[in-house]
Structures are given as C-alpha cells and as structure tokens.
Amino acid sequence: MFERFTKDARAVVKGAVEHAEGEGADSVDDGHMLLALLDREASRASFALASLGATRRRESIETALAEARRRGGLSQADTQALAELGIDVSEIVSRVEEAHGVGALAGGRKARRPGLGWTGHRPFTREAKDALEKSLRIATARRDRHIGDEHILFALTVRPGPVGEVLADHGVTHESVERVLYGEGAA
C-alpha cells in the first residue's frame with residue numbers, strides 16, 4: 001500500500017512517528033497523524049486545513065487531543081453516554097491520576113530509566129492502521145491513482161472516535177474538506 005503514497009502522504013506517516021517519539025509514546029496513533037497533517041505546508045491537506053481555519057486553531061486541537069488521551073481515548077460522545085448511566089468519567093480520571101499520576105489513562109507510555117531513550121520500532125495502533133486503510137479506500141473510490149495526504153485527512157474525518165470528533169469540533173468534516181478541495185458540486 002505504501003508504494004501508492006505520495007511524498008506528502010509519506011511525510012505525514014513519518015511525521016506521525018516523530019510526534020509519537022517526541023511524546024515518548026510506544027505506539028503511533030491517529031492523533032499523531034492529525035498533528036503531522038497540521039505540520040504540513042504546501043500540500044493538499046495543508047491547504048484544506050488552512051482554508052478551514054484548523055491551522056490557526058492548532059493549540060485548541062492539541063488541547064482537545066490531549067484531553068481525549070487523558071480520558072483513555074474516550075470521545076465526548078462516549079463520556080456523555082456513560083454520564084447518562086451515572087458514570088462520571090472526569091471523576092474516574094481524577095481518581096486514577098491521583099493514585100497513578102497525571103496521564104495514567106493516556107496509555108502507550110513506557111517507563112524509562114533516566115538517561116536512556118527508547119529507540120525502537122513504534123507500531124501503529126489499530127485506529128491509525130484503520131485510518132491508513134480507509135485512506136486507500138477513499139482514494140480508490142475517487143479513482144485516484146495515488147494516496148495523498150488529503151486522503152489521510154478524509155479518512156480521519158470519517159472515522160468515529162476522538163480524532164474525528166476533534167476535527168468536527170474545529171470545523172473540519174468530510175463535507176467541508178471535500179468542498180474546499182473539489183468545490184460545491186463535488187461527488
């Protein structure tokens with residue numbers, strides 16, 4: 001599949017790995033891919049994100065992603081559904097962090113000995129793999145010969161979960177990206 005990725009799409013994958021490394025995460029998730037997309041310049045996805053105002057709201061997006069990680073990856077919809085059952089996710093997160101430290105539910109972090117970095121292969125989470133597979137399906141459905149960073153962005157907008165929710169909350173939906181990239185009458 002990666003042989004069909006454009007230079008920009010490959011840069012997103014590489015950037016996602018770098019974001020994971022920078023955080024000390026032991027795996028690359030779809031949130032890392034979103035951050036890598038926000039890093040891009042002069043690509044189709046970067047044009048769409050800038051046109052929709054997402055690049056100006058990067059700090060808000062990063063905060064929302066961090067909050068979702070802090071909740072153990074639960075989306076706001078999941079949190080609301082649990083609240084309807086009488087489960088207060090904020091209270092659970094607070095108690096877990098009180099006992100185990102801030103970010104304990106974020107997962108994907110390995111303990112390190114002082115002075116030693118971790119320089120191993122970082123696998124992609126199921127969500128990240130699904131987003132990459134979805135980008136292939138989107139490119140194929142559009143009859144595009146290559147998978148570009150815009151296809152990765154489209155995939156993140158249509159997948160359920162915190163990343164898609166964060167994008168939608170910041171005005172980046174499948175429909176808005178399609179409108180920016182392909183015009184009003186886009187199929």
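**Stop 1: a buried pair**

Select Arg69 to begin; this residue is buried, with a relative accessible area of 14%. Here buried means under 20% relative accessible area, exposed means over 50%, and partly exposed lies in between (1.4 Å probe, protein chains only). The structure on display is a predicted model, in which local features need pLDDT of at least 70, side-chain atom pairs count only at pLDDT 80 or more, and totals for chains, interfaces and linings use all residues. Residues are numbered from 1 along each chain as its sequence is written, and side-chain values use heavy atoms, with hydrogens and water left out.

A salt bridge is a side-chain nitrogen of Lys or Arg within 4 Å of a carboxyl oxygen of Asp or Glu. Is Asp29 buried or exposed? With a relative accessible area of 16%, Asp29 is buried.

**Stop 2: the whole chain**

Zoom out and colour by secondary structure. The protein chain has 10 helices and 0 strands. Helices (H or I, at least four residues) and strands (E, at least two) are DSSP runs, numbered from the N terminus. Of the 187 residues in the protein chain, 41% are buried. The chain exposes about 10,300 Å², and carbon and sulfur atoms supply 51% of this area. Such areas come from the Shrake-Rupley method with a 1.4 Å probe; for residues, only the protein chains shown count as cover.

Among the contacts with a separation of 6 or more, 66% come from residues 24 or more positions apart. Contact means heavy atoms within 4.5 Å. Lys7 lies in helix H1 and counts as exposed, at 67% relative accessibility.

**Stop 3: helix H3**

Select residues 44–51, which form helix H3; its buried residues are Ala45, Ser46, Ala48 and Leu49. Turn the view to look down the axis of H3: the buried residues fall within an arc of 160 degrees, so they line one face of the helix. The arc is that of the directions from the helix axis to the C-beta atoms.

A polar atom of its side chain lies 2.8 Å from the backbone nitrogen of Ser43. Leaving aside residues up to four places away in sequence, Ser46 touches Arg40, Glu41 and Asp149. Then move along to Gly53, which follows H3 and has a positive phi, near 85 degrees.

**Stop 4: further salt bridges**

A search of the whole structure finds 14 salt bridges. Side chains of opposite charge can pair when their charged atoms come close.

Select Arg58 and Glu62, whose closest N and O atoms are 2.7 Å apart in a salt bridge. Why are Arg58 and Glu62 separated by about one helical turn? The reason is that they are 4 residues apart in helix H4. Glu62 counts as partly exposed, at 34% relative accessibility.

Next, select Arg142 and Glu178, whose side chains meet in a salt bridge with 3.8 Å from N to O. This pair also links distant parts of the chain, 36 residues apart, with Arg142 in the loop between helix H7 (126–141) and H8, and Glu178 in helix H10. Arg142 counts as partly exposed at 27% relative accessibility, whereas Glu178 is buried, with a relative accessible area of 11%.

Finally for this stop, select Asp30, Arg126, Asp130, Glu133, Arg137 and Arg159, which are linked in a network of salt bridges.

**Stop 5: a nonpolar patch**

Show the surface and select Leu85, Ile87 and Ile92. They form a nonpolar patch there, with about 280 Å² of accessible area together. Patches are made of residues with over 30% relative accessible area and no salt bridge: like charges are joined within 9 Å, nonpolar side chains (Val, Leu, Ile, Met, Phe, Trp, Tyr) within 5 Å. Leu85 is found in the loop between helix H5 (76–84) and helix H6 (89–100). At 68% relative accessibility, Leu85 counts as exposed.

Terms used:
A polar contact is a pair of N or O atoms within 3.5 Å; within protein, one must be able to donate a hydrogen and the other to accept it, and residues adjacent in sequence count only if both atoms are side-chain atoms.
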